[in-house]
Amino acid sequence: MGLATGVVAARTTGRRRALLVVLMLLAVQLVSLARPAYACGCGAMVHDPKTTLAVGRETSVVRWDGRTEQIVMSLTVNGTAPDAAWIMPVPHRATVELGDPGLFDQLAALTAPAVERRHHFWPRGGDWPFAGDGASAEAPAPGAHGAGVGVVGRERLGPFDVARLTATDPAALRNWLKTNGFRLPDALATELRPYVAQRWEYVAIRLAPATAHRPLTGTLEPLRLSFASDRLVYPMRLSRLAKTPQSLGLYVLAPHRMEPRSALGGSDPEVFFAGRITPVGALRELGGTRTFLTALDQTFPQPRRIHGDHELVRAAEDTPFQRVTYTSALLRVGGIPAWVLTVAGALLLLAVAPTLAVVLRRRRPVPAPRPVLPPLT
């Protein structure tokens with residue numbers, strides 16, 4: 001009996017230990033899944049590792065006239081981090097200023113799907129008699145210096161602390177950023193090497209909300225960067241540091257319809273608008289008169305596959321494109337559903353058909369009797 005009791009106790013202890021191990025592994029996995037990306041299409045985004053920060057969506061407007069490029073970035077974030085920082089490589093010296101939030105609303109309205117109405121004959125859900133109100137059914141309608149680092153400028157723009165830098169050594173650049181309050185991951189120095197080799201410059205941005213210790217959430221105030229460039233390039237290489245899938249939306253304003261030279265390790269870019277427009281309002285502030293707008297969406301399910309920067313080139317043709325959303329309405333004649341008139345007419349015809357047949361038979365003329373001829377003699 002004592003031996004059996006010991007065996008049972010040992011088995012129970014073993015099961016408890018196994019369960020504890022499983023729970024610990026599950027907890028580690030959940031923490032790993034909850035850890036957000038510290039990179040987005042605009043560059044490396046970092047925060048205190050004890051907090052969380054996820055970039056849900058990045059939308060940028062790129063304006064290029066063949067000589068100068070402008071990028072207006074808008075990020076939507078969520079998490080518990082009270083502050084964050086990111087770095088944006090640029091091919092030439094950049095100027096930085098606050099962007100107009102209304103720019104994105106204007107572009108969203110401009111590229112919205114066209115609405116076309118179609119009619120259906122038979123009633124559907126929402127049509128009478130399936131809905132009492134008779135409503136029609138409709139379809140549901142992104143100056144100090146350190147070793148190897150030069151500070152071109154540093155300014156405060158709203159909630160942003162912006163440093164514009166040059167660097168000849170990626171490690172020195174990371175050290176300067178760390179010394180000046182921009183905590184960036186060790187892997188960043190490695191990913192910066194191609195930019196250092198090409199003598200690019202950098203815009204380092206640190207952000208804190210107006211209220212201290214308040215988490216960063218929602219859509220951040222947009223930033224506008226301008227720099228000289230003889231090609232249309234959108235920096236993406238640093239996004240390979242991300243640990244979660246990335247989403248990118250690009251509005252491209254250029255003399256012609258533009259397309260990415262390659263998918264860059266992500267899904268095939270999807271064009272959801274292409275057409276020539278005349279800039280007004282916030283769009284006019286980017287410069288230029290009549291221009292071609294190309295709107296693209298792209299996802300990067302596995303960011304580590306990103307192998308460079310987006311270079312956008314002229315498409316073979318300036319073919320316009322706009323999405324179409326179809327709405328469906330019940331066909332009516334004089335405000336009455338056409339199917340009601342048709343069914344009522346058919347029933348009426350069936351009802352009067354017998355009477356009509358009798359009337360027609362009565363009105364049929366009776367043939368005159370044929371004359372009887374006398375027999376021939």
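A residue is called buried when its relative accessible area is under 20%, exposed when that value is over 50%, and partly exposed in between, with a 1.4 Å probe and only protein chains taken into account. By this rule, 40% of the 377 residues of the protein chain count as buried. The model is a predicted one, in which local features need a pLDDT of at least 70 and side-chain atom pairs count only at pLDDT 80 or more, while totals for chains, interfaces and linings use all residues. Residues are numbered from 1 along each chain as its sequence is written, and side-chain values use heavy atoms, with hydrogens and water left out.

The protein chain holds 5 helices and 23 strands, where helices (H or I, at least four residues) and strands (E, at least two) are DSSP runs numbered from the N terminus. Its accessible surface, computed by the Shrake-Rupley method with a 1.4 Å probe, where for residues only the protein chains shown count as cover, comes to about 21,300 Å², and 59% of this belongs to carbon and sulfur atoms.

An α-helix has 3.6 residues a turn, so residues three or four places apart point the same way.

In the loop between α2 and β7 (114–120) lies T111, which counts as buried because its relative accessibility is 1%. The side chain of T111 reaches the backbone oxygen of L107 at 2.8 Å. Leaving aside neighbours within four places in sequence, T111 is in contact (heavy atoms within 4.5 Å) with Y251, F272, F273, L293, A295 and R323.

Helix α3, residues 170–179, has P170, A172, L173, R174, W176 and L177 as its buried residues. Among the elements that cover them are β5 (84–90), β9 (149–157), β10 (160–167), α4 and β11. After α3 comes G181, whose phi is positive, near 90°.

Strand β11 (residues 201–207) also contains E201, which counts as buried because its relative accessibility is 13%. The side chains of E201 and R93 are joined by a polar contact of 3.0 Å; such a contact is a pair of N or O atoms within 3.5 Å, and within protein one must be able to donate a hydrogen and the other to accept it, while residues adjacent in sequence count only if both atoms are side-chain atoms. Not counting residues up to four places away in sequence, E201 touches M88, P89, V90, H92, R93, V152, L165 and T166.

Most residues other than glycine have a negative phi. R199, in the loop between α4 (187–197) and β11, has a positive phi near 60° although R199 is not a glycine, and at 68% relative accessibility R199 counts as exposed. L264, in the loop between β16 (258–260) and β17 (270–277), likewise has a positive phi, of about 65°, but L264 counts as buried at 4% relative accessibility.

Finally, helix α5 (residues 338–362) includes L347, which counts as exposed because its relative accessibility is 54%.
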